[in-house]
Amino acid sequence: MIRINPIIRLVNRNLTISINPGFIIWQILFPLIYIFVAGFAYTALIDSVPFGGKNLDYPAFLASGMIGFNIMNSTLISGIIIWNDRRHGMFEQIMSGPFTRTHYILSNIVTIGIIGLFSAALITAVGYPVFFDSVEFNIVTIPLIIFGSVVGAILFGSIASIISVKLRSSEGFNVIINTVFLFCAFASTAFYPVQGAPQPLATIFYLNPLSYLVDIIRAGIFGQVTDFVITEMLVLVGLAAILFVIATKLLTKLDF
Amino acid sequence: MLCIETKDLRKKYASTVAVDGVDLQIESGQVFGFLGPNGAGKSTVIKLLTTLISPSNGKISVLGIDSAKHPLEIRKKIGVVLQQPSYEPTLSAEKSLEKYGMMWNIDKKIRKKRTEELLSAFGLEEIRKKKMDDLSIGQRRRVQVAREFMHDMDLLFLDEPTVGLDPAARRKLLDFLREQVKNSGLTIFYTTHVLSEAEYLCDNIAIINNGKIMAVDSPSELKNRFGHEKTIKIHISTVSEELKSKLSTIPECQIKLEPEPTVIINSTKSEIVLMNILKILNETDTKINDLSAIPTNLEEIFLKVVGDSN
């Protein structure tokens with residue numbers, strides 16, 4: 001019998017219970033509406049957006065922002081898996097089987113990474129017709145997009161995990177997670193450029209990790225890797241590491 | 001060979017002592033019943049034995065493996081059906097079994113075969129495509145127990161597995177478990193509140209109360225040890241004052257008026273007491289409607305052991 005790694009077995013299980021036709025449709029439909037409806041509708045108001053040394057048209061700016069937004073949204077699954085496992089007794093069941101807490105935590109991270117990458121690839125494919133004029137893929141930018149997708153997925157997956165460990169009621173979990181993710185989505189550079197925003201709002205934008213994720217992905221797509229983007233990468237990695245450690249500690253301490 | 005061995009096992013939560021110096025020695029290839037009232041410490045002992053929680057004190061050896069040193073090695077060899085439901089709400093009953101087998105690294109062909117066998121053995125064929133979220137509590141419980149047989153194991157912990165099952169499903173499950181022990185040499189650690197189940201299934205039984213083991217033996221030996229007192233019920237037509245007065249001189253009997261007048265004898269010498277009471281009934285011209293002797297069962301033993309320890 002082939003011995004499959006326990007983490008891979010748990011990832012297989014995580015993907016089976018999480019991915020369903022509704023999830024995939026939502027993952028495609030929601031960004032499509034944003035890119036092709038809001039993107040083109042706002043073109044009358046926002047002519048072009050400066051990014052690095054380029055001027056992007058608004059649909060291209062928005063479509064690239066949607067990649068980061070979708071990565072964040074899809075990592076909600078991490079929180080939902082943990083929350084459901086606790087609510088439906090599967091956490092205890094898994095822990096009484098041939099797995100350790102480390103297996104469980106790592107499998108969640110790998111699941112989020114896979115979903116994050118899948119999500120990024122999906123929106124890149126969907127949004128490509130919108131931003132293909134400005135695209136500058138090269139040997140540095142594609143790994144940058146992958147890097148951003150994975151680190152961003154770990155960061156937001158950790159946030160979702162922390163919330164799911166701390167809250168037991170479904171109402172509490174849904175309210176808190178939606179509030180946090182909605183705030184992250186709209187107080188970021190995913191939908192609007194920071195240039196021209198009032199100073200307090202611009203500051204809030206850069207207290208939000210989604211802005212860093214979105215900027216890194218944009219830098220990858222449009223080939224605009226500046227010093228600021230490198231700083232953003234370091235901040236994102238640092239923040240993701242801190243949140244991942246907190247999430248892991250909380251999961252390790254979770255009692256039966 | 002000893003399957004489970006604990007020495008001075010203790011578990012303390014803040015000021016509460018959940019398990020208080022439990023010593024167990026359980027041989028392989030049997031169904032070991034673990035009985036006790038609510039909050040007695042049954043589930044805590046199961047969580048300790050399955051390595052879900054660590055003891056505050058004491059030693060645990062499961063299948064010859066030290067639980068403090070190699071908990072994962074133990075978990076690879078045991079099956080666990082915990083007291084609370086556990087299920088994947090988005091999966092069907094069939095997929096639940098199949099995925100659980102995958103989690104245990106069971107080969108795909110074997111998984112398919114076992115899934116079919118278990119769906120049939122647990123009467124789940126009709127609901128195989130139904131989502132777990134849409135099943136009744138009893139149906140979910142059947143899937144939960146069936147799922148555990150997807151993988152190989154030497155020891156199975158079943159914490160109240162028949163909760164929510166109808167009598168037919170319950171009997172089917174008990175027979176299935178007996179068969180497994182007989183055919184594969186599996187050891188089962190079984191807790192239940194239905195004492196007739198324990199009597200039907202278990203080779204040996206431990207009774208726990210307030211975190212301490214009160215008695216360990218086979219059901220028949222427990223009856224011999226604790227079952228000297230017998231109960232005889234005499235249903236009578238009327239209760240006169242004269243009868244009441246005469247019966248009051250016999251301490252081992254009591255009169256109940258509802259739902260029908262009954263004289264109940266609880267005594268280790270119930271036959272002698274019965275003779276005396278029959279004599280009184282004859283003297284007072286009291287008509288006997290029915291007379292029944294209740295054999296000593298595990299429930300009475302349980303109540304006596306738990307009652308004495310309280």
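Q: Which residues does Met66(A) touch, not counting residues up to four places away in sequence?
A: This is a predicted model, in which local features need pLDDT of at least 70, side-chain atom pairs count only at pLDDT 80 or more, and totals for chains, interfaces and linings use all residues. Residues are numbered from 1 along each chain as written, chains are lettered from A and ligands numbered from 1 in written order, and side-chain values use heavy atoms, without hydrogens or water. With contact taken as heavy atoms within 4.5 Å, Met66(A) touches Phe30(A), Pro31(A), Tyr34(A), Ile35(A), Ile123(A) and Phe191(A).

Q: Which residues have the most contacts inside the largest nonpolar core?
A: A nonpolar core joins buried Ala, Val, Leu, Ile, Met, Phe, Trp, Tyr and Cys residues through side-chain atoms within 4.5 Å. The largest one here has 58 residues, and those with the most contacts inside it are Met66(A) and Phe156(A).

Q: How many residues does the other core have?
A: Another core lies apart from the largest one. Leu9(B), Val80(B), Met102(B) and Ile208(B) are among its residues, which number 51.

Q: Is Asn208(A) buried or exposed?
A: Asn208(A) sits in the loop between helix H9 (199-205) and helix H10 (209-222) of chain A. Buried means under 20% relative accessible area, exposed over 50%, partly exposed in between (1.4 Å probe, protein chains only). Because its relative accessibility is 2%, Asn208(A) counts as buried.

Q: Which residue's backbone oxygen does the side chain of Asn208(A) reach?
A: Not counting residues up to four places away in sequence, Asn208(A) touches Phe183(A), Cys184(A), Ala187(A) and Ser188(A). At 2.7 Å, its side chain reaches the backbone oxygen of Ala187(A).

Definitions and conventions: Helices (H or I, at least four residues) and strands (E, at least two) are DSSP runs, numbered from the N terminus. A polar contact is a pair of N or O atoms within 3.5 Å; within protein, one must be able to donate a hydrogen and the other to accept it, and residues adjacent in sequence count only if both atoms are side-chain atoms.
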